[in-house]
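The sequence and the structure are shown first.

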Amino acid sequence: MTMHMSVLASGSTGNAIYVETEDHSFLVDAGLSGKQMDLLFQQVGRSMKNLSGLLVTHEHSDHIKGLGIVARKYKLPVYANEKTWAAMEPLIGKVDAEQKFDFPMETIKSFGSLDIESFGVSHDAAEPMFYVFHQNGKKLVLMTDTGYVSDRMKKIIEGADVYVFESNHDVGMLRMCRYPWNIKRRILSDVGHVSNEDAALAMNDVVKDNTKRIYLAHLSKDNNMKDLARMSVSQTLEGCGHVIGETFDLYDTDAKKPTELYAI
């Protein structure tokens, strides 16, 4: 059995990641309009009507903008923890009770051969969490929207075959930009977003010999550049003995352009 994934969209304008096995398929977050989500699925040759469910990371609009619309249109189960449900219900419109499922933090739910593990991150949301997908010894880690990467998080995510990992901003660009100081402070804080440099250091601690691909995600459109993020991370990793392109591949993601469907 093979697991496939695609980063459909990533960034402050909307986030959505698709994961499938032979038996099940899930959408992690639906941060774009229902119409945009349909178009993204068409681009990877899939349809939302075949989804097994929607997994929610947290209630910020760039992660749930189209959630209610998609859930209602396709009658899909929605999984989130209790505090996230409480925070997002006023924002997504009515979702039938039989579609609502609790997915507590630090637990594992099994769907046939696929195990989905939830884990907490540090972000200014009610109870933000991300997911690790396990199938037949393969491991996919999804983690953006965290202000820092703790040793606890590293232990959970280490040794994945594929990472979708936040590389949000260049610290120098952020400090020099026109954002109000309170916004800069929020992004730089422990409940904000991980910088290129911190992403590189965290990646160096968790990648192992089996790691084949890293997607740098949730890049800021104002305070980062794809080439800069890729260079910052690759220089740190190569300086620590990793060989990009031989040890593993390094990709950046676009805000509204899906990555190809990748077999893990």
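Which residues does Phe-165 touch, not counting residues up to four places away in sequence?

## Basis of the report

This is a predicted model, in which local features need pLDDT of at least 70 and side-chain atom pairs count only at pLDDT 80 or more, while totals for chains, interfaces and linings use all residues. Residues are numbered from 1 along each chain as its sequence is written, and side-chain values use heavy atoms, with hydrogens and water left out.

## Contacts of Phe-165

Contact here means heavy atoms within 4.5 Å. With residues up to four places away in sequence not counted, Phe-165 touches Met-143, Thr-144, Val-149, Ile-157, Ala-199, Ala-202, Met-203, Tyr-215, Leu-216 and Ala-217.

## The nonpolar cores

A nonpolar core is a set of buried Ala, Val, Leu, Ile, Met, Phe, Trp, Tyr and Cys residues joined through side-chain atoms within 4.5 Å. Buried means under 20% relative accessible area, exposed over 50%, and partly exposed in between, with a 1.4 Å probe and protein chains only. In soluble globular proteins, nonpolar side chains tend to be buried together.

The largest nonpolar core has 28 residues, and Phe-119, Met-143, Ile-157, Tyr-163, Phe-165, Met-203 and Ile-214 are those with the most contacts inside it. Two or more residues come from each of β9 (129–135), β10 (138–143), α5 (151–157), β11 (162–166), α8 (196–206), β12 (213–217) and α9 (226–239). The element that gives the most to this core is α8, with five residues. Helices (H or I, at least four residues) and strands (E, at least two) are DSSP runs, numbered from the N terminus. Another core, of 27 residues, lies apart from the largest one; among its members are Ala-9, Leu-54, Ile-64 and Ala-80.

## Aromatic pairs

The structure holds seven aromatic pairs. Rings of Phe, Tyr and Trp (its six-membered ring) pair if their centres lie within 6.5 Å; planes under 30 degrees apart count as stacked, over 60 as edge-to-face and the rest as tilted. The pair of Phe-26 and Tyr-79 is edge-to-face, because the ring centres are 6.5 Å apart and the planes are at 70°. This pair links distant parts of the chain, with Phe-26 in strand β3 (residues 25–28) and Tyr-79 in strand β5 (residues 78–80), 53 residues apart. Phe-26 counts as buried at 0% relative accessibility, and Tyr-79 is buried with a relative accessible area of 8%.

Tyr-79 also forms an edge-to-face pair with Phe-111, at 5.7 Å centre to centre and 85° between the planes. Phe-26, Tyr-79, Phe-101 and Phe-111 form one aromatic cluster.
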